[in-house]
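Student: I have a model open and want to go through some local features. Can we start with the terms?

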Amino acid sequence: MTSKVMDLIYWKDMERTGMVLTGLVVGLLSLFQLSIISVVSTLSLAIMCFTISVRIYNKLLHVLQLGDGVHPFQSNLELDISLSGEEVQHYMQKAIVLSCSAVDTIRNLIFVGNLFNSLKVRPEN
């Protein structure tokens, strides 16, 4: 996972990085103009329209006997997304440690635990 992120950061695969960067810029611009609810709902509607179109196309090919009739998203429907108790506990412990660390860092910055660190994050005019 980290190697894929590093490849994106260092532009190893220019086409993939360009697509990701374009998606991020379009997403940020849309969030700048619209609320997050309308952006998420519009994106969900677009995804649903695409998947319905693919499903109808695949069904039409099967009716015309040009396709095999297999559901195009069957592998996604059969994907196991359940978590065991240990995995949930592990992820919750990670989330708690990260949030406590973030709160501790923000507290030290706001209440000037270290003068240099607090001045370093000061916004420029």
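Tutor: Helices here are DSSP runs of H or I with at least four residues, numbered from the N terminus. By that count, W11 lies in the loop between helix 1 (2-9) and helix 2. Keep in mind that this is a predicted model.

Student: What is the phi of W11?

Tutor: W11 has a positive phi, about 55°, and it is not a glycine.

Student: Is Q65 buried or exposed?

Tutor: Exposed, since its relative accessibility is 71% and the cut-off for exposed is over 50%.

Student: And W11, buried or partly exposed?

Tutor: Partly exposed, at 41% relative accessibility. W11 also belongs to a nonpolar surface patch together with M14, L21, V25 and L29.

Student: How much accessible area does that patch have?

Tutor: About 510 Å² for the five residues together. One of them, L21, is found in helix 2 and counts as partly exposed, with a relative accessibility of 42%.

Student: Switching to T17. Where is it?

Tutor: T17 is in helix 2, which covers residues 14-33.

Student: Buried or exposed?

Tutor: T17 is buried, because its relative accessibility is 5% and buried means under 20%.

Student: Which residues does T17 touch, leaving out those up to four places away in sequence?

Tutor: D7, L8 and W11.

Student: How far is T17 from D7?

Tutor: The two are ten residues apart in sequence, and their C-alpha atoms are 8.2 Å apart in space.

Student: Next, salt bridges. How many are in the whole structure?

Tutor: A search of the whole structure finds two. In one, R16 pairs with D13, and the closest N and O atoms are 3.6 Å apart. The other joins the side chains of D104 and R107, at 2.5 Å from N to O.

Student: Take R16 and D13. Which is exposed and which partly exposed?

Tutor: R16 is exposed, with a relative accessible area of 52%. D13 is partly exposed, at 38%.

Student: Where do D104 and R107 lie?

Tutor: Both are in helix 5 (residues 85-110), three residues apart, which is about one turn of the helix.

Student: And their accessibility? What are the values?

Tutor: D104 has a relative accessibility of 32% and counts as partly exposed. R107 is also partly exposed, with a relative accessible area of 46%.

Student: Last topic, the record. Where does UniProt place the transmembrane region?

Tutor: The UniProt entry, which is unreviewed, puts a "transmembrane region" at residues 20-50.

Student: What does the model have over residues 20-50, helix or strand?

Tutor: The chain there is 94% helix and 0% strand.

Methods: Residues numbered from 1 in each chain as written. Predicted model: local features only at pLDDT ≥ 70, side-chain atom pairs only at ≥ 80, totals over all residues. Heavy atoms only, no water. Helix = DSSP H or I, 4+ residues; strand = E, 2+ residues; numbered from the N terminus. Buried < 20%, exposed > 50% of the residue type's maximum accessible area, 1.4 Å probe, protein only. Contact = heavy atoms within 4.5 Å. Patch = residues over 30% accessible without salt bridge, like charges linked within 9 Å, V, L, I, M, F, W, Y side chains within 5 Å. Areas by Shrake-Rupley, 256 points an atom, 1.4 Å probe, with all protein chains shown as cover. Salt bridge = Lys/Arg side-chain N within 4 Å of Asp/Glu carboxyl O. UniProt positions renumbered as here; feature names shortened; annotations may be inferred.
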